[in-house]
Amino acid sequence: MENKEKTLLLKNGKDVYGEKIDILIVGEKIEKISEEISGKDAENLKIIDLKGNLVMPGIIDVHTHMREPGITHKEDFETGSRACAKGGITTFYDMPNTVPPTVTLENLIIKKKAAAEKSIVNFGFHFGGSKNNNIEEIRKVLKEKEANTVKIFMNVTTGEMLIEDEELLKEIFRNSDLVPVHAEHEMIDKALLLNKEYGHGLYVCHIPSKEELVKVIEAKKNPEMNNEKHPVYVEVTPHHLFLNEKIRESSERNKMLLRMKPELRTEQDNEFLWKALINGDIDTVGTDHAPHLISEKLEKVTFGMPGVETSLALMLTEYNKGKITLEKIQKVMCENPAKIMKIEKRGKLKEGYYADIIVIDLNKEWIVKNEDCESKCKWSPYENWKLKGKNIMTVVNGNIVYENEKIRENEGKGRNVEVK
């Protein structure tokens, strides 16, 4: 049969191990990876010379708040996905605390349809546990494989999502596959015990401090707490790695803008989190991208900040300083998220996998400017930071959606990721 699929050949790239690679993409998938591919026999072929730039699998950000439905003046699936594409994120997972919250199968389906129409990168959804007891909905969603995670909030949050009822927490852990939690301080101990006694997997979101991370590291090293039956994973955000109370308190403006839950901690906490990340004690980097308009942030204390456009570039800047390896960046931002969320055929540069690929100029120096933001909120907590290393091309399912500082309009839509 004649092959009419679009064929793309990325030549002269370099992977995180320093090896020269060519990548042949046919349709949505990676057909071949080799040191040298001619492509002379391929029909309908476009060749792009990557000129020795770094090639990585697209970033998978498993912690975002895209604000749709109900809060779309701050962000929506179109603007949020454009921000992702620019930053090198080819798959985002959206959290359930929207308006209305994603605590029924019906609301989940509504979100999926909206994302399928608007998002230019791939997407997944965390279902939500409700204090009003939505166990039947959780069972339904998992049975129908509409989601494979159930997020719970064990500390402060909005609406019906803060769960304090002990029996309900046990039921959620019993009935869920993987439970991402917002848990701080002693609630981390509680979440770890619930997972040990009743759970099938715990994912501790946005760990902010040494004190809290030590609890998780101890649990991860204890085979009774962390094993194949009920594993324990932990995520760190860029803002808890790069920002702290000292930076927040340095100006009146920062005191308002640099606010999120969990709050920023000390420089010593930054250092401990970095050490743990490099040592392999932290599994993933997720942004907790939670945009608000700057006017809202400056009017009253409002928790949450944007993050998808700068997460990779911040890490690349640290690579350029010799602090972290490219292999580690790929592991915590691509490979581990795919593995933990059980995402099929994404997170690696591998033949037969979907062609979610980013190209990075490691030497590009640039300054973060609010006016350049793709996010609807149009500001960054890292404004005026000088970074080194930038995503220059984003390929999603074989389509180039971002190149040369521009979103390529109508180049294809993202899709709901398939999970095992």
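Reply: In this predicted model, helix α12 covers residues 311-320 and helix α13 covers residues 326-340. Their axes come within 10 Å and cross at roughly 155°. Angles over 145 degrees count as roughly antiparallel, so α12 is roughly antiparallel to α13. The crossing of α12 and α13 is right-handed.

The residues that make this contact can be listed from each side. Helix α12 contributes Ser311, Leu312, Met315, Leu316 and Tyr319. From α13, the residues they meet are Leu326, Ile329 and Met333. Sorted by class, the contact of α12 with α13 has 7 nonpolar residues, 1 polar residue and no charged residues.

Turning to the sheets, one of them is open and has 6 strands, in the order β9-β10-β11-β12-β13-β14, with parallel pairing. Its edge strands are β9 (127-128) and β14 (284-285), each of which pairs on one side only. At the β14 end, strand β13 (residues 232-236) pairs with β14 in the parallel sense over 2 bridges. Val236 stands opposite Val285 of β14. Helix α6, residues 210-220, lies across β12 (202-204) and β13, and runs at about 150° to β13.

Another open sheet has 3 strands in the order β6-β7-β8, and its pairing is parallel. Here the edge strands are β6 (59-64) and β8 (122-125), and each pairs on one side only. From one strand to the next, the twist averages 20°. Strand β7 (residues 89-94) runs parallel to β8 and is joined to β8 by 4 bridges. Phe92 has Phe123 in β8 as its bridge partner.

Two helices lie across β7 and β8: α1 (residues 77-87) and α2 (residues 105-118). Helix α1 runs at about 140° to β7, whereas α2 runs at about 170° to β8.

To return to the part you asked about, α12 and α13 cross at roughly 155° with a right-handed crossing, through a contact of 7 nonpolar residues and 1 polar residue.

Technical notes. Residues numbered from 1 in each chain as written. Predicted model: local features only at pLDDT ≥ 70, side-chain atom pairs only at ≥ 80, totals over all residues. Heavy atoms only, no water. Axes fitted to C-alpha atoms, helices over the stretch in contact; angles between N-to-C directions. Parallel < 35°, antiparallel > 145°, perpendicular 65-115°, else oblique. Left-handed = near helix turned anticlockwise from the far one by under 90°. Contact = heavy atoms within 4.5 Å. Nonpolar A, V, L, I, M, F, W, Y, C, P; charged D, E, K, R; others polar. Pairing = 2+ DSSP bridges.
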